[in-house]
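Subject: Handover of a structure and the findings from it

Dear colleague,

Please find below the structure that I am handing over to you, together with its sequence. My findings follow it, arranged by region.

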Amino acid sequence: MASVKSDDLHQAAQSMQIKQQNVTILGATGTIGLQTLDVIARHPERFSVFALTANSKVENLFDLCVKYTPRFAVMLLESAADELSARLKAAGLDTQVLFGEEALVEVAAHPEVDTVMAAIVGAAGLHSAMAAARAGKRILLANKETLVMAGSLFMQAVAEGRATLLPIDSEHNAIFQVMPQTQGRLLADMGVSRILLTASGGPFRNATLEELNLVTRAQALNHPNWVMGPKITIDSATMMNKGLEVIEAHWLFDASSAQIEVVVHPQSVIHSMVEYHDGSVLAQLGNPDMRTPIAYGLAYPDRLESGVSRLDFLKMGPLDFSAPDYVRFPCLRLAYEALDKGGTAPAVLNAANEVAVEAFLANEIRFMDIPAVIEAVLATSNINAVISIEQLVSVDASARKQAKSIMSVLKGAH
Ligand code: NAD
Ligand code: MG
């Protein structure tokens, strides 16, 4: 009889202890979705793909279904779902195809699902992320807009549903890594004095106001450090992304706006820091590659090989730090103001931003019109206390309408 090496026995015992996680990936065809699948594919013994969802790209979701054979695939539109279903049948696959927002909710809350990667972009990700929270899933939250729009209700749903919330945004993941025992605890009790949220500063970090007025779509889509979807890339260029992240940090870590400081750090090697009362500052470092926070979220509290190249301190060069400029990057100021105003203000900010970014991507407005539109929408919207998701959905719709009407005036003026 062949002898079994003790190493093999150890490995077998370990793999028996780890229950395979059924994973739903909301927004599977996006940048975060694809990187999640890349990490999952490295650990087939730990993860099984339960459902994959996409907005409209049938071809892309078809390819992913062939590769990962999920139980469910969801497209937003019925026509796209019909096309995907026919193609999967012809290929001999038995993946069940569903469509619409309700189907997103269904695969996020399905009883057989353990883990949900919430990686839809924008307010469109709200209902499915809420459903995962209510159903008590392990939620890997990339969709920061959910927290910006509905932070109080989402955190409440996480607590009531006994969900496990793991931030995937690299900064918040970094903060979580150096302060993992966060949920339900006050920063003061943990000895935390400040959260230092690092920002690359985007492609226009050193641009003058005159140059910012002339920025083109192609220039704004060219981020120096990260490869991301178009919306978050524009948000990074205006620094609204950092503003949304300040609000995200407020909800995730129960920190006041005064406790969250943005530090511009162009190399994106330090992904954020936490300062403690005794003067210690803990940081998480790594190469800018989202597979690190994704792998951390998937395996927490374990660590997994993620495919990310190692940080080489000897080749890295100097690390720089500076203060953000609220004059050239008014979006950051607007986000702090919305957070301080509270209530529905962040939902208004988020909706106006989504509409303005879409218009900029369609070459309908100029780069510096983005903050102007958001500021005008905030100034003309009623801000109320947050009561329900239905209320926030209607606030989102009116802010979008208001942004569009302000933009039609702007477009006429150009
Ligand atoms: P992306 O544009 O690359 O992908 C978006 C995904 O959402 C796609 O799968 C798309 O099909 C789906 N989608 C779009 N609109 C939809 C709709 N109306 N209904 C259903 N599905 C829809 O975006 P991304 O860069 O992967 O970002 C996803 C989220 O993660 C965003 O909230 C972003 O802020 C956040 N995030 C991304 C990064 C990054 O490095 N890309 C980093 C931190 C946080
Ligand atoms: Mg980020």
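Two strands are taken to pair when DSSP finds at least two bridges between them. Please also bear in mind throughout that this is a predicted model.

Strand S5 and its neighbours

Strand S5 comprises residues 115-118. In the parallel sense, S5 pairs with strand S6 (residues 138-141) over 4 bridges. Strand S1 (residues 21-26) also runs parallel to S5, and the two are joined by 4 bridges. Individual partners can be named for both pairings: Thr24 is bridged to Val116 of S5, and Met117 has Leu140 of S6 as its bridge partner. Between S5 and S6 the chain passes through helix H6 (residues 126-134), forming a β-α-β crossover that is right-handed.

Which way do the residues of S5 point? Thr115 and Met117 point to one side, while Val116 and Ala118 point to the other. This is the pattern to expect, because side chains in a regular strand alternate between the two faces of the sheet. In S5, the residues pointing either way are all buried.

The surroundings of ligand 1

The shell around ligand 1 holds 23 residues, and the closest are Thr29, Thr31, Asn55, Glu145 and Gly229. By class, the shell divides into 13 nonpolar, 7 polar and 3 charged residues. Three helices each contribute at least two residues to this shell: H2 (31-41), H7 (144-161) and H11 (230-238).

Several polar atoms of the protein lie beside oxygen atoms of the ligand. From Thr29, a polar side-chain atom is 2.8 Å from an oxygen atom of ligand 1. Ile32 places a backbone N or O atom 2.9 Å from a ligand oxygen, and for Gly27 the distance between a polar backbone atom and an oxygen of ligand 1 is 3.3 Å. How much of the accessible area of ligand 1 does the protein cover? On its own, ligand 1 has 830 Å² of accessible area, of which the protein covers 88%.

Strand S8

Strand S8 (residues 192-199) is mostly covered, with 6 of its 8 residues buried. S8 has a parallel partner in strand S9 (260-264), to which 5 bridges join it. One bridge partner here is Val262 of S9, which faces Leu197 in the pairing. With strand S10 (residues 270-276), S8 pairs in the antiparallel sense over 4 bridges. In that pairing Val192 has Tyr276 as its bridge partner.

Backbone geometry

Most residues other than glycine have a negative phi, and most peptide bonds are trans.

The peptide bond from Tyr300 to Pro301 is cis, with omega near 5 degrees. Pro301 sits in the loop that lies between helix H13 (291-299) and helix H14 (313-316).

Met239 is not a glycine, yet its phi is positive, at about 70 degrees. This residue belongs to the loop between H11 and helix H12 (240-253). Is Met239 buried or exposed? Met239 counts as buried because its relative accessible area is 3%, under the 20% cut-off.

Asp254 likewise has a positive phi, near 55 degrees, in a residue other than glycine. The loop that contains Asp254 runs between H12 and strand S9. Asp254 has a relative accessibility of 46% and so counts as partly exposed.

Asp38 lies in helix H2, one of the helices that supply residues to the shell around ligand 1. With a relative accessibility of 27%, Asp38 counts as partly exposed. Although 253 residues separate Asp38 from Arg291 in sequence, their C-alpha atoms are 8.1 Å apart.

Asn353 is part of helix H16 (residues 345-361). Asn353 counts as buried because its relative accessibility is 0%. How far is Asn353 from Asp38 in sequence and in space? These two residues are 315 positions apart in sequence, and the distance from C-alpha to C-alpha is 30 Å.

With kind regards

Terms used: Residues are numbered from 1 along each chain as its sequence is written. Chains are lettered from A and ligands numbered from 1 in the order in which they are written. This is a predicted model: local features need pLDDT of at least 70, side-chain atom pairs count only at pLDDT 80 or more; totals for chains, interfaces and linings use all residues. Side-chain values use heavy atoms; hydrogens and water are left out. Buried means under 20% relative accessible area, exposed over 50%, partly exposed in between (1.4 Å probe, protein chains only). A crossover is right-handed if, with the strands pointing away from the viewer, the path from the first strand over the helix to the second runs clockwise. A residue is near a molecule or strand if one of its heavy atoms lies within 4 Å of it. A polar contact is a pair of N or O atoms within 3.5 Å; within protein, one must be able to donate a hydrogen and the other to accept it, and residues adjacent in sequence count only if both atoms are side-chain atoms. Accessible areas come from the Shrake-Rupley method with a 1.4 Å probe; for residues, only the protein chains shown count as cover. Ala, Val, Leu, Ile, Met, Phe, Trp, Tyr, Cys and Pro count as nonpolar, Asp, Glu, Lys and Arg as charged, and the others, Gly among them, as polar.
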